[in-house]
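Biologist: Hi! Could you walk me through this one?
Modeller: Happy to, let's look at it together.

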Protein chains: 2
Amino acid sequence: MNSSANHDTGISPFRDEQVRARERARKREAILLTAVCMFNKHGFSRTSLDDVAAELGVTKPVVYNYLGNKDRVLLECLRIGLEQLVAAAEDVLSIRGTGADRLRSYLLRYAEITMSEFGRCVIRTGDDLLSPASRVEFRRMKRLVDNKLRELISAAAADESLRVCNIRTTSFAIAGALNWPAQWYRETGPETKRQIAEQIVDLLFSGLERSSTEKSG
Amino acid sequence: MNSSANHDTGISPFRDEQVRARERARKREAILLTAVCMFNKHGFSRTSLDDVAAELGVTKPVVYNYLGNKDRVLLECLRIGLEQLVAAAEDVLSIRGTGADRLRSYLLRYAEITMSEFGRCVIRTGDDLLSPASRVEFRRMKRLVDNKLRELISAAAADESLRVCNIRTTSFAIAGALNWPAQWYRETGPETKRQIAEQIVDLLFSGLERSSTEKSG
């Protein structure tokens, strides 16, 4: 009550600073969300910062002031997507259960993220769209995500909850199967993100082959 | 003997025409192979027809004369890769066995093609690099390949040699898992194309989960 009164009457200059910082962060997020949606929809090369600014009802210098040039805007979008993936990998470490249980939870979350705007941008952005400096940073962040996946696969191999013949190939195959929906998933399609994620993870876990019981049955 | 004598002495003008056509086809192939290797290595945007011509020791007008502009060159590279995939799908129809056997054979071949130069170009080329007319053609050809894969999956579902819950998602997951090596496979790596193809196909067929016999064992 007191602090809100301070804010309303503008008594505390510190309070103003906090409000401004929050406001600035909110605007920055709005720019990034608009930009990532336009990159995903029209392609990075075909989207200019003028287009992004126009969509938000501001001018290009405003976007520039918050984030820098188009390369910076893209890198920030990629950072958000990759941070979501790293956070998901860290979240599953708190799950009680086998390595297989943890991997399954992570893969479901991974698939959902990569069908969402920031995650989709991570999957669909070729390294060659970035400036050399941003490319180095993008690759560094992608390696973190690759390593998390390999750690989870290794743990499931170590506790023998999964059958893993080659960790590197397995991680590539899993990532490939799960990354593909980022290329074609549409919110307007017949299935939800979760349903598609579950179908792919079930396929990876159970395989296409019928079990010997099913075959003899 | 007679015809070769004709050729050597240049008696038959028809023979000359055939030789010239063959020679022309061979040069066209050499241009396409050089171009596709450079597109894969350096990226399409960063490769000019001048670069391709220089690599072959000719000038850009020579390349242009054989194939047209860079967009045409790319489209022809993509056509070769996609035709290899369609041919592989048609080949497996002659295999005696179940739908599962045919699908497995096709997937092994599919993975090997997409780790090779023309197939890799198919996987790594985003639609947005092509002119609108070429993009329509590229998508049309890709749909043919998608349909072949779905047909093979449907056949394996129909004869109950595989357990398929959703044909569309299954085909996307399979294609995703198999397309990924096109992004990272290097001839100099520790494994051959065939080994990687087998590891991924085994994973897709058997799944990561241990069977109940293995679990109890």
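Modeller: Let's begin with A:Glu160, which is partly exposed because 14 other C-beta atoms lie within 10 Å. Keep in mind that this is a predicted model.

Biologist: Where is A:Glu160 found in the chain?

Modeller: A:Glu160 is in the loop between helix H8 (132-158) and H9 of chain A. Its phi is near 60°, a positive value in a residue other than glycine.

Biologist: And what about phi of B:Glu160?

Modeller: Phi of B:Glu160 is near 60° and positive too, again in a residue other than glycine. B:Glu160 is found in the loop between helix H8 (132-158) and H9 of chain B. B:Glu160 counts as partly exposed because it has 14 C-beta neighbours inside 10 Å.

Biologist: How many residues does the contact take from chain A and from chain B?

Modeller: The contact takes 32 residues from chain A and 32 residues from chain B. On the side of chain A that touches chain B, the elements giving two or more residues are helix H9 (167-179), helix H10 (181-184) and helix H11 (193-206) of chain A. H9(A) gives the most to that side, with 8 residues.

Biologist: How do the residues on that side of chain A divide into nonpolar, polar and charged?

Modeller: The side of chain A that touches chain B has 16 nonpolar, 11 polar and 5 charged residues.

Biologist: Switching to the largest nonpolar core: which residues touch the most other members?

Modeller: That core has 111 residues, and A:Cys77, A:Ile200, B:Cys77 and B:Ile200 touch the most other members.

Biologist: Leaving aside sequence neighbours, what is B:Ile200 in contact with?

Modeller: Leaving aside neighbours within four places in sequence, B:Ile200 is in contact with A:Thr169 and A:Ala173 from chain A, and with B:Ala111, B:Ala177 and B:Leu178 from chain B. B:Ile200 is one of the buried residues of H11(B), along with B:Ile196, B:Ala197, B:Gln199, B:Val201, B:Leu203 and B:Leu204.

Biologist: Which helices do the buried residues of H11(B) pack against?

Modeller: They pack against H9 of chain A, together with helix H6 (99-114), helix H9 (167-179) and helix H10 (181-184) of chain B.

Biologist: What should the 14 residues of H11 of chain B span?

Modeller: At 1.5 Å a residue they should span 20 Å, and the end C-alpha atoms are 20 Å apart, which agrees. H11(B) is followed by B:Gly207, whose phi is positive, near 80°.

Biologist: And H9(B), how many of its 13 residues are buried?

Modeller: In H9(B), 11 of the 13 residues are buried, so that helix is largely enclosed by the rest of the structure. Among them are B:Thr169, B:Phe172, B:Ala173 and B:Asn179.

Biologist: Changing topic, what does the domain assignment of chain A give?

Modeller: It gives domain 1 (12-68) and domain 2 (75-208). The centres of the two domains of chain A, taken over C-alpha atoms, are separated by 27 Å. Their contact takes 9 residues from domain 1 and 10 residues from domain 2 of chain A.

Biologist: Which helix gives the most to the domain 1 side?

Modeller: Helix H2 (residues 13-42) of chain A gives the most to the side of domain 1 that touches domain 2, with 7 residues. The residues of that side divide into 8 nonpolar, 1 polar and no charged.

Technical notes:
Residues are numbered from 1 along each chain as its sequence is written. Chains are lettered from A and ligands numbered from 1 in the order in which they are written. This is a predicted model: local features need pLDDT of at least 70, side-chain atom pairs count only at pLDDT 80 or more; totals for chains, interfaces and linings use all residues. Domain bounds come from an automatic or database domain assignment. Two residues are in contact if their C-beta atoms, placed from the backbone, lie within 7 Å. Helices (H or I, at least four residues) and strands (E, at least two) are DSSP runs, numbered from the N terminus. Ala, Val, Leu, Ile, Met, Phe, Trp, Tyr, Cys and Pro count as nonpolar, Asp, Glu, Lys and Arg as charged, and the others, Gly among them, as polar. A nonpolar core is a set of buried Ala, Val, Leu, Ile, Met, Phe, Trp, Tyr and Cys residues joined through C-beta atoms within 7 Å. A residue is buried if 20 or more other C-beta atoms lie within 10 Å of its own, exposed if 12 or fewer, and partly exposed in between; C-beta atoms are placed from the backbone. The expected span of a helix is 1.5 Å times one less than its number of residues.
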